[in-house]
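Subject: Structure handover

Hello,

Here is the structure you are taking over. Please open it first, then read the notes below it.

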Amino acid sequence: MSLALLYGLVGVGLVAMGLYAALAARHLLRRLLGFNVLGAGVFMLFIAHATRAVDAAGRPDPVPHALVITGIVVAVSATALALALLRRLHARHGRPTLPEDREG
Amino acid sequence: MNAESTLLALLVLPLLAAVLSLLVGRRWLGWLGMLVALLLVVLAVRFALQVAAGGAVAVAIGGWAPPLGIALRADGLSAFMLLVQSVVGLGVHAYALAYFAPARRAFWAAGWLLWGACHALYLSGDVFNLYVTLELVGLGAVALVVLGGSGTVAAALRYLLLALVGSMLYLLGVVVLYLEHGNLDLQALGTLVQPGLASSVAAATMTLGLLLKAAVFPLHVWLPPAHAAAPAPVSALLSALVVKAALYLVVRLWTGLFGELPAAGVALSLLAGLGAAALFWGGVQALLQTRLKPMIAYSTVAQIGLLALVLPLLQGGAVAWNGLMLLVAAHALAKSALFLCAGVVQRQYGHDRIAGLGGVGMQLPLTATAYFVAAVSLVGLPPTMGFFGKYLLLEAAIAQSRPMIAAALVLGSLLTAAYLLRPLALGFTEAATRQAPRTAGLGLQLPGLLLALAALLALLVGAGTPLWRLLAVGMPA
């Protein structure tokens, strides 16, 4: 098994785990972390490809790197906004869950 | 000013306004906003004329051509969406001037970010850049929802988390496309995509992500609470424009990138099935609502379903294409007008319970008229824009022998009439339960009326041949 394939498979695994947590978890912090794991999986998949697509001089493909950095910036800003909202929700209700996910 | 400069101005101006909104004094916020909004409408009209006359426009930023640079591209569809965005944006921002008094800096800054992100989305010709703009639209929209106060935080968070998952799924599809073809340019990919596992995975994940953002049934659960809880001008922007941005991408992908795949017919029929389900589920839920704003929000679920329902007809040519675009514009104008009316009612009476709307027709004649015109356009009665859109789509459905789509279109319109006309009937027939404590000013009432009337006037000035000429630019064969 090549290194790129291993990274690719790990990426796919992270996508599956992250997607499950982002949709199924009740605790909103878990859901947010799930989104971040999902993002890490997508980025991993992308970067794994860069090592496979080397040019004649042995340099990896630069486009995925540029895009993944942009993607990380976007994900970090979105996470910051979600965390700020989560703090507000917690301050108001005392619980880090959405109304439909609260028991009793 | 040539077409390329107009394109760049349309892209830069709203983002500049967003930054300036953070810097200028509070009393200048509204004037700055109105000035830029008016300028954008003029630019959008000019750009539409330029595209109609000179064909599609492409700009390589900084001289970097794709695949290394980011392509900005606009055809008839882009120019048309920019036009809809600008007209609705102008109306809603004018309303916000009266609604948020004194001016709220957060509304103007986030509103301009949202407006600029929508423009960037309609002008991007690169699947990755589209991901970035899609995310910007989502962040702007969530920031605007929270303006409604701490009661809206739960709705905003639900919206944000699902929107993030939606755009990440879209990005997964983009990655798969790049792995397979080493290209991100929408136009170049259109010629490269071949039937196979990679294109199927890419098409499935990208579409699923976009359906989540467009709130197509059964992925709509986040929409009614978020759109109903937000302040009225924000609800208008979200329902009229933001969901359309995701739907625009679905149309782009399935008429360009994946349109030639053998599975395209099945996929579009599946979307139509979801659309029909949304039309009825949203309609029934709207009928069951006891308050005005949640009813209008459920109506958005239904109307998005209507737009998804007719997607398979796009494979049949120009009639359906023109009809869909008219319907998109009609919904944007009518839905924003309805939310603005709901905001006036909420201000005036301190509630928006439908049962308490008796006498609105007498106490708020302008707002009741605006609601009436918007409702008639959304139902699709002549001579409104909604009627002509539905007429063309019905014609296409019959010509392509799609009786199910035609039937769903007609039945869905009846359902629309049932829930939209109920508050109006109450408002005109029942006596006022009590005197209105306040009177809403013209500044609050006029924008909604003008937006509703725009659906009538637009047909006099622009629709027909000039509009068809614009939409024909870059229309998929």
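Start with one residue. B:Leu257 sits in helix H10 of chain B, which covers residues 232–257. This is a predicted model, so treat everything below as computed from it.

Is B:Leu257 buried or exposed? Buried: 24 other C-beta atoms lie within 10 Å, and the cut-off for a buried residue is 20 or more. Which residues does B:Leu257 touch? Leaving aside residues up to four places away in sequence, the contacts are B:Leu186, B:Leu189, B:Gly190 and B:Val193. Take B:Val193 from that list. B:Val193 and B:Leu257 are 64 residues apart in sequence, yet their C-alpha atoms are 7.1 Å apart in space.

Now chain B as a whole. Chain B holds 19 helices and two strands. The C-alpha trace spans about 65 × 55 × 45 Å along the principal axes of chain B. Consider the contacts in chain B with a separation of 6 or more: 81% of them join residues 24 or more positions apart.

Next, the core. The largest nonpolar core has 233 residues. Those with the most contacts inside this core are B:Val145, B:Ala156, B:Leu157, B:Leu333 and B:Leu393. Helix H6 of chain B, residues 153–181, gives the most to this core, with 22 residues.

Then go to the end of the helix list in chain B. Helix H19 runs over residues 465–472, and its buried residues are B:Leu467, B:Leu470 and B:Leu471. They cover an arc of only 95 degrees around the axis, so they lie on the same side of H19(B). What do they pack against? Three helices of chain B: H2 (29–54), H3 (76–99) and H13 (318–349). Just after H19(B), B:Gly474 takes a positive phi of about 80 degrees.

Chain A has three helices and zero strands, in the order α-α-α from the N terminus on. Its C-alpha trace spans about 60 × 25 × 15 Å along the principal axes. The radius of gyration of chain A is 18 Å, but a compact globule of 104 residues would have one near 13 Å. Buried residues make up 34% of the 104 in chain A. Among contacts in chain A with a separation of 6 or more, 51% join residues 24 or more positions apart.

One helix of chain A is worth a visit. Helix H2 of chain A, residues 28–52, has 25 residues. From first C-alpha to last, H2(A) reaches 37 Å, close to the 36 Å expected at 1.5 Å a residue. H2(A) is mostly covered, with 19 of its 25 residues buried.

Last, confidence. The mean pLDDT of chain B is 89, and 97% of the residues in chain B reach 70 or more. For the complex, the predictor gives an ipTM of 0.94 and a pTM of 0.93.

Best wishes

Terms used: Residues are numbered from 1 along each chain as its sequence is written. Chains are lettered from A and ligands numbered from 1 in the order in which they are written. This is a predicted model: local features need pLDDT of at least 70, side-chain atom pairs count only at pLDDT 80 or more; totals for chains, interfaces and linings use all residues. Helices (H or I, at least four residues) and strands (E, at least two) are DSSP runs, numbered from the N terminus. Two residues are in contact if their C-beta atoms, placed from the backbone, lie within 7 Å. A nonpolar core is a set of buried Ala, Val, Leu, Ile, Met, Phe, Trp, Tyr and Cys residues joined through C-beta atoms within 7 Å. A residue is buried if 20 or more other C-beta atoms lie within 10 Å of its own, exposed if 12 or fewer, and partly exposed in between; C-beta atoms are placed from the backbone. The expected span of a helix is 1.5 Å times one less than its number of residues. The arc is that of the directions from the helix axis to the C-beta atoms. pLDDT is the predictor's confidence in each residue, from 0 to 100. The radius of gyration is taken over C-alpha atoms; the globule rule is 2.2 Å times the number of residues to the power 0.38.
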